[in-house]
Amino acid sequence: MLATLVKGLKLTFSHIYKSRNIYKPINVTSPEYFRQGTGIVTLQYPYQQIPLPDNARYKLHNEIDDCIVCDKCAIICPVNCIAIESIKSVEPIGYTSDGTVKRLYASKFDIDMAKCCYCGLCTTVCPTECLTMTKEYDFSMYDIRNMNYQFSDLTPELAAEKQNEYDMYAVQKSQLSTETPPAPVPAKPAFKPIFKKPNT
């Protein structure tokens, strides 16, 4: 029993001696990551962090100024964590950074990160590349309802105003179409074949 105790103490003191050094916070893709010597493996988070790869999939972010509210991200999402509501505009409201015309207002653009499975499909189908996955991974909350992030730049009052503006435009357009019926198209004369008598 004494021999087992001594053996355990030797192992403990050897680990204490080797823990004089600490692992460097280098990227896991680096060939030196698994070649580091003995030492403390645990990083002093958040003061030390392992660098994340460029294609890391973490918190979603939408650049609403570049969003054309095409709804593709919400359609392809397998867990329905993206909720979008759009309002049509009477005229073009601007352009995205790549020159695409914006014709819809985003009255609602919510992403529930509590439901997200981090598949990255929504960022793949985005035509203007306004929806991206950032490198922020530590965004835990005490209340799960706080995991729902809102990206719309319209207040409820402004959204109602834009909706009323389009409704009035649609009513006026329908009235004009009923008041001025299109002019009748003149009928083409019936085709009559001309028969010639054969030369005798």
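This is a conversation about a predicted model of a protein chain.

Visitor: What does the secondary structure of the protein chain come to?
Guide: The protein chain has four helices and seven strands. From the N terminus, the elements follow the order α-β-α-β-β-β-β-α-β-β-α.

Visitor: And how many of its residues are buried, as a percentage?
Guide: Of the 200 residues in the protein chain, 22% are buried.

Visitor: What about aromatic pairs: how many does a search of the whole structure find?
Guide: The search finds four aromatic pairs. One of them joins F109 and F151, whose ring centres are 6.4 Å apart with the planes at 85 degrees, so this pair is edge-to-face.

Visitor: Where do F109 and F151 lie?
Guide: F109 belongs to strand β5 (residues 104-112), while F151 is in the loop between β7 (148-150) and α4; the pair therefore ties together parts 42 residues apart in sequence.

Visitor: Is F109 buried or exposed?
Guide: F109 is buried, at a relative accessible area of 2%. F151 also counts as buried, at 16% relative accessibility.

Visitor: Which residue forms an aromatic pair with F139?
Guide: Y149 does, in an edge-to-face arrangement with 6.5 Å from centre to centre and 75 degrees between the planes. F139 lies in the loop between β6 (131-133) and β7, and Y149 in strand β7. Both F139 and Y149 are buried.

Visitor: Which residue lies over the face of F139?
Guide: K59 does, at 5.6 Å from the ring centre.

Visitor: Changing topic, where is S174?
Guide: S174 is in helix α4 (residues 156-179). S174 is partly exposed, with a relative accessible area of 36%, and its side chain reaches the backbone oxygen of V171 at 2.7 Å.

How values were computed: Residues numbered from 1 in each chain as written. Predicted model: local features only at pLDDT ≥ 70, side-chain atom pairs only at ≥ 80, totals over all residues. Heavy atoms only, no water. Helix = DSSP H or I, 4+ residues; strand = E, 2+ residues; numbered from the N terminus. Buried < 20%, exposed > 50% of the residue type's maximum accessible area, 1.4 Å probe, protein only. Polar contact = N/O pair within 3.5 Å; in protein donor to acceptor, adjacent residues only side chain to side chain. Phe/Tyr/Trp six-rings, centres within 6.5 Å; stacked < 30°, edge-to-face > 60°. Lys NZ or Arg CZ within 6 Å of the ring centre and 35° of its normal.
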